[in-house]
Amino acid sequence: MDTILRNACVDDRPNAPLVDIGIEQGCIAAIEPDLAADAETIDVGGRLVSPGFVETHIHLDKSCILDRVNPQGGLDAAIGEVARLKGEFTAEDVYQRARRTLEKCVLNGTTHMRTHLEVDPVIGLRSLDGIIPLVDEFKWAIDIEICIFPQEGLLNNPGTDELMVEALRRGGTVVGAAPYTDSDPHGQIDRVFEIARQFHIDVDMHLDFGADTTSLDLDYVCDLTDRHDYGGRVAIGHVTKLSALTPDQLRKKGRRLADAGVAVTVLPATDLFLMGRDQDHSPMRGVAPAHRLLHQGVNCSLATNNVLNPFTPFGDCSMVRMANLYANICHVEEAGDTAECFEMITNRPARLMRAPQYGIRVGQPADLVVVDAPGRAAAVAEVAPSIMGFKAGRRTFTRQPAQLHPPQEVA
């Protein structure tokens, strides 16, 4: 064997034993107590060893532009600010900003990512040209797939359709949508499903952002998912309107999503920052209650969305911090639900991205993160740092645990 992680917590149920994880030729070769083999040995001291974190929804192309914007607040203002700036983006500019963001993601334990990337006649394919090289350059630490989508409309924005198709031919692997910015929202959804079927790829949409629950586009998405037998291949992000439903309405929508096989990605930082801007007191939180959707059988993930831009002027790319933020906003208090917040940054988003080679099982790639906590719920509750990561068995980062330095006792 090449490496052994000793005294690892991989099962945080009561009385579950600590185990050793043996890694050989980039894969997990053994998971058992007191593993006997010649290898580099790392004692993780009872800490949680998890599959690497999975980021299903981030915008690398417009990260780290906070120093260029005029803060105004609100979704329309944020879209307008990026629209004003992106005509000046170059491939090199996108590359450098995205690289900075990726380094933070790796240092926080993320090993799989879906980045959403907008194309239109203003930006063209320059952002794609900036991101594509990073897919190969960072494969030592993270798997990256690119979701191509139209931020400012598709049917109302001539030339965007052709650019999306070209971007998918040149490296995009998922197709997305933002129908709430289109003159014909359902027409955009129709076209995106058509593109998905043409390229045999998955769908991941920005959907139902707002507070008005009189109509939800998710119903139409579920209908198309059923019609085209696309269950398990469709995800919808934001869906802030779900936060304004009554409990009975939420249960019904949850069952519909589960029956159709449509996954939900909640973006706590962005949704909390942008929602309720029109309310001068007691603003709504606007974060969809993912843990309640889980109880209805919906697969859900938590994700970062934006980092240091007008949509979200904060962020350090820590998925554990995002899980903790969600748990606070949505009043998560049951230990099982808190542990599920950790699942929504690991196993559940891996299922959303249909990543079969994922998880702590013999034979799987050793894509692992060591978290400074004794279990999943504790990691979320304490915003526990990631102290070590591995991609295909190779160590990708190390962070020393914090250490106290009390005064020496006087003899």
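For counting residue classes, Ala, Val, Leu, Ile, Met, Phe, Trp, Tyr, Cys and Pro are nonpolar, Asp, Glu, Lys and Arg are charged, and the others, Gly among them, are polar. The model here is predicted, so local features need pLDDT of at least 70 and side-chain atom pairs count only at pLDDT 80 or more, while totals for chains, interfaces and linings use all residues. Residues are numbered from 1 along each chain as its sequence is written, and side-chain values use heavy atoms, with hydrogens and water left out.

**How spaces are found**
- On a 1 Å grid over the protein atoms alone, a cavity is a set of points where a 1.4 Å probe fits but cannot get out, and a pocket is an open set with protein on both sides within 12 Å along at least five of seven lines.
- Lining residues have an atom within 4 Å of a point.
- Points are joined across faces, edges and corners, and a volume is the space filled by probe spheres set on them.

**Second largest pocket**
- This pocket has a volume of about 250 Å³.
- Its lining has 15 residues, and S243, V287, P289, R292 and C330 lie nearest its centre.
- Eight lining residues are nonpolar, five polar and two charged.

**Largest pocket**
- Here the volume is about 310 Å³.
- Of its 19 lining residues, V10, P51, E343, N347 and I360 lie nearest the centre.
- The classes are 10 nonpolar, four polar and five charged.

**Cavities**
- There are three cavities of 30 Å³ or more.
- The largest cavity has a volume of about 70 Å³.
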